[in-house]
Amino acid sequence: MGLVEVEVTVEESSGAAYVALFCGGGTPEVRESVALGALEEAGAIPALDSLVLDFDHYGRLAGIRVEGSADSVLSPSLLGVAA
């Protein structure tokens with residue numbers, strides 16, 4: 001199994017964050033994005049309003065975008081490794 005890396009970056013000014021997923025190579029090119037706020041379940045799970053999933057050209061998950069305040073969506077341990 002290959003090496004998997006997760007990189008978390010937080011934008012200080014807006015509080016937004018990006019969780020990039022890498023597997024044995026460079027940053028994948030994002031081809032498609034899906035905002036989860038449109039899901040029916042978004043009313044029951046407030047964090048869904050802030051999440052956007054990014055997919056590469058093969059349709060594989062490449063990253064998770066957190067729009068808004070990342071500290072209300074991501075765990076403190078994940079934010080602790082933010083670059």
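Modeller: Let's begin with a pair of residues: E32 stands opposite F55 in β4. This is a predicted model, in which local features need pLDDT of at least 70 and side-chain atom pairs count only at pLDDT 80 or more, while totals for chains, interfaces and linings use all residues. Residues are numbered from 1 along each chain as its sequence is written, and side-chain values use heavy atoms, with hydrogens and water left out.

Biologist: How do you know that β3 and β4 pair?

Modeller: Two strands pair if DSSP finds at least two bridges between them. Strand β3 (residues 32–35) and β4 have 4 bridges in the antiparallel sense, so they meet that rule. Strands themselves are DSSP runs of E with at least two residues, and helices are runs of H or I with at least four, numbered from the N terminus.

Biologist: What joins β4 to strand β5?

Modeller: 5 bridges do, and the two strands run antiparallel. In β5, V66 is the bridge partner of L51. The hairpin of β4 and β5 has 5 residues between the strands, and G59 there takes a positive phi near 85°.

Biologist: Why is D54 called buried?

Modeller: Buried means under 20% relative accessible area, exposed means over 50%, and partly exposed is in between (1.4 Å probe, protein chains only). D54 has 3% relative accessibility, so it counts as buried. Strand β4 (residues 51–55) is mostly covered, with 4 of its 5 residues buried.

Biologist: And why does E5 count as partly exposed?

Modeller: Its relative accessibility is 43%, so E5 falls in the partly exposed class. E5 sits in strand β1 (residues 4–10).

Biologist: What does E5 touch, not counting residues up to four places away in sequence?

Modeller: E5 touches A20, L21 and F22, where contact means heavy atoms within 4.5 Å. The C-alpha atoms of E5 and F22 are separated by 5.0 Å, although the two residues are 17 apart along the chain.

Biologist: What makes D54 and R65 a salt bridge?

Modeller: The term asks for a side-chain nitrogen of Lys or Arg within 4 Å of a carboxyl oxygen of Asp or Glu. The closest N and O atoms of D54 and R65 are 3.0 Å apart, so the pair qualifies. It links distant parts of the chain, with D54 in strand β4 and R65 in strand β5, 11 residues apart. R65 is partly exposed because its relative accessible area is 27%. D54, R65 and E67 are linked in a network of salt bridges.

Biologist: How many salt bridges does the structure hold?

Modeller: There are 4 salt bridges. Among them, R60 and D56 meet at 3.1 Å, N to O. D56 has 10% relative accessibility and therefore counts as buried, whereas R60, at 48%, is partly exposed.

Biologist: What makes up the largest nonpolar core?

Modeller: A nonpolar core is a set of buried Ala, Val, Leu, Ile, Met, Phe, Trp, Tyr and Cys residues joined through side-chain atoms within 4.5 Å. The largest one has 11 residues in all, including V8, A17, L51, L53, V66 and L74. Both β2 (17–23) and β4 supply at least two residues of this core. Leaving aside neighbours within four places in sequence, V66 is in contact with A16, A17, S50, L51, V73 and L74.
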